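Here is a friendly walk through some aromatic rings and a chain-to-chain contact. Have a look at the structure first, and then read on.

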Amino acid sequence: MVEDEEVRIGVYICHCGLNIASVVDVKKAAEEVSKVPNVVVAKDYQFMCSQPGQNIIIEDIKQHRLNRVVVAACSPRMHEPTFQKAVERGGLNPYLFEMANIREHCSWVHEKEKVAATEKAIKLVKAAIAKARLLKPLKREKVNVIPRALVIGGGIAGIRASLDIANAGFEVHLVETRPSIGGNMARLDKTFPTLDCSQCILTPLMVEVSRHPNVTLHTYTDVVNIDGSVGNFKVKLLKKPRYVDESKCTGCGTCITKCPWTAPSEFELGLGKRKAIYFEFPQAVPLIPVIDPEHCMYFQKGTCRACEKFCPTKAIDFNQKPEEIELEVGAIILATGYSLYDVAKAMPEYGYRKYKDVITGLELERLVSATGPTKGHIVRPSDGKEPKKVAIILCVGSRDEKHLRFCCRFGCVAGIKHAYYIVSHIPDAEVYICYRDIRTFGKGYEEFYERIRNYENIKFIRGSPMEILQDADGSLYFDVFDANTNRIVTLRPDLVVLETGIVPHPTFKEVAKILKCAVGPDGFALELHPKLRPTETSVDGVFLAGAVQGPKDIPDTVAQAGAAASSVIALMSKGYVETIPYVSSINEDLCSGCGICQPLCAYDAISLVKKEDGKQVAKVDIGKCKGCGVCAAACPSGAAQQLGFNDEQILAMVRTLTR
Amino acid sequence: MVENFEPNIVVFACNWCSYAGMDLAGTSRIQYPHNLKVIRVMCSGRINPVYILEAFANGADGVLVTGCHPGDCHYISGNYKTRKRIILLERLLEQFGIEKERLRLEWVSASEGEKFANIAKEFVEQIRKLGPNHIAKELRKEVAVV
């Protein structure tokens, strides 16, 4: 396009079916804007984003020699790229396009004010036209994508995603904050609805990922910083000291046998003990122990050193220091998973942590597990006796305005599975499931529920207990109103199992802060679109897998991990990304070299340079500029401008909206 | 209060948090007054105070500037710069004879559609109480005299 060529604008008003057209008078809007100077054609059409809709634009560009296009439809965050591509297919620079949002910002929020909404829509389109008139062609640069991915979180989501990427031939660095990968799934005894053994299906994957030639495992490691952008992220990891030399350790476990000191086991959720030098759990990957300095007598008092003495390979290294690891990756997957809601603190009425025999569902998993603290025997934590009457309470914290508004999506079926655990281990036990609604949406879940319902000693009570209390003899009891029978039932269970709600794992909060990716009101990662882009985040090149995005069961987690991995593979197979064109640009003739812009730039993209004639001017490094426009807003002479959002363009919109 | 006064309010929104939050209000069909019209910029830090003055000079009855919550800026710290600029601008507005209540800065995240709708309702009410912005008319008069 020639600079001073006559501006010829085509304007297209979308009906979006009835989404826009039922509120905004689209015919009137098209007619009104057709009178605006430089508008050559103005049309309305049922679905502008459809193929025929896009073809109208492409045809008109040719027929009417259009050199600017305005589409009034949904949010540019939705379809701007669609129309930019159409404009490009029509032979124009894709940035000679402007969008007016008359759906999310107009018809959907002013449903009952048709006249006012139509007027507002016309104004918005006119403002877009005012900006379009001043648009200039912009360029995108190609940047190579480093063919290496970072996966944060070594649970089932992170493992599955890492394997998929590695199997596609790309390098993966898998980071896990705990000493072993495996995550919460490693704690489960069986998985619903098939009741297959959790370890049996998980551990082969753990081993596979650790042995994969394309995967580097970083266990007991935290992410401390991430810079850069899609294609080129610079990552800083901090590997915590295990005090065991990984290159020498064979995982024989002699050190653990010889260690005389114990501490509550994190993996067993405090139900069991571990040594001061310990494996996270027996099938840990990597099978390398860790010394916990807080409980190690050598670190506390300077004596003992039993592990060092007995280690056959001399792998103990008390002088190990935290190690910084720097990586360059092209894409990142967040798979940080979930933690249980802190019921002890938030819901004291349930007596969790106050009464020993009130446990969480995850703790029951450990009691049932053959490798757990009780070697697979379900016993009461208080006295080690078999419980004959067990109450399982669903929705503890979940679907509760005062706590977590959302459904945890696995508590119901987990609770049903836990009832099955009890009756299959203790056939004469009675189980009471206190529920609000039973939600069995997954494949095979309803059938599983039906099967468990047929047990005579598993009873369902529709209601939640008000408060769990303790009698003078130490036994627990609570009242619950059963809405099905309209009666208050008093239960005296030997053991209470709470199916607690879940929250994002605390590491997510840290990582989200580092990455600046959007977080939803519930604290989980906010996906780019809840239906169409569920694995993408607000940060390009950062994808989501599993419960980091919201509560998920294992099948959904694995499915999303595969989806996130394929997004990463797609990015890497293509090999490049195109940069944003909305970077800053300096008009050297106007620049006085005052330097106001330089310290404002958060990316250190501006430097002051001396030109040949000795004049000092600001210079923008396009590679570093992220296109925020902060410098342009501060420039006193108007020399700094943001391409695609320059002063003239924005002021033209302001004037159109206010006159 | 002027009868039948429909304030004209210009909203500046950053692309990442606030504009997305307003989109969410739309997708959730949360209704709010039609008086607000949005101009999208990539970052609230792009908003040159001149744009706000230009809006008032042209007759805007109110200007709402929105950005990511402190600490959440997509561009690290653009919103902090906005906050400083708005505080300074508020002081200047009074000197120009524009009530500082006509300008408001709000943090709206991508998940705060409902919050935005509430701000919109509240702000429109506030401007209704203030009445029309007379500065534009007076400016035009002055221009005519010159």
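## A cluster of rings in chain A

Let's begin with the aromatic side chains: A:Tyr243, A:Tyr298, A:Phe299 and A:Phe318 are joined into a cluster by ring pairs. Please keep in mind that this is a predicted model. Searching the whole structure, over all chains, gives 17 aromatic pairs.

## Two pairs up close

A pair of aromatic rings is described by the distance of the centres and the angle of the planes. Take A:Phe83 and A:Phe97: the ring centres are 5.9 Å apart and the planes stand at 35°, so this pair is tilted. A:Phe83 belongs to helix 3 (residues 76–89) of chain A and A:Phe97 to strand 4 (residues 97–101) of chain A, so the pair ties together parts that are 14 residues apart in sequence.

A:Phe318 is buried, with a relative accessible area of 7%.

## Where chain B meets chain A

Now for the contact between the chains. The size of an interface is often given as the accessible area lost when the parts come together. Here chain B and chain A bury about 4300 Å² between them, and 58% of that is on carbon and sulfur atoms. Chain B brings 48 residues to the contact and chain A brings 50 residues.

What polar links run across it? There are 21 residue pairs in polar contact between chain B and chain A, and the rule finds 5 salt bridges across the interface. One salt bridge joins the side chains of A:Asp647 and B:Arg46, at 3.1 Å from N to O.

## The chain B side

Elements giving two or more residues to the side of chain B that touches chain A include strand 1 (9–14), helix 2 (49–57) and helix 3 (78–96) of chain B. The largest share of this side, 7 residues, comes from helix 1 of chain B. By type, the residues on this side divide into 25 nonpolar, 14 polar and 9 charged.

Notes
Residues numbered from 1 in each chain as written. Chains lettered and ligands numbered in written order. Predicted model: local features only at pLDDT ≥ 70, side-chain atom pairs only at ≥ 80, totals over all residues. Heavy atoms only, no water. Contact = heavy atoms within 4.5 Å. Buried area = accessible area lost by both parts, 1.4 Å probe. Salt bridge = Lys/Arg side-chain N within 4 Å of Asp/Glu carboxyl O. Polar contact = N/O pair within 3.5 Å; in protein donor to acceptor, adjacent residues only side chain to side chain. Helix = DSSP H or I, 4+ residues; strand = E, 2+ residues; numbered from the N terminus. Nonpolar A, V, L, I, M, F, W, Y, C, P; charged D, E, K, R; others polar. Phe/Tyr/Trp six-rings, centres within 6.5 Å; stacked < 30°, edge-to-face > 60°. Buried < 20%, exposed > 50% of the residue type's maximum accessible area, 1.4 Å probe, protein only.
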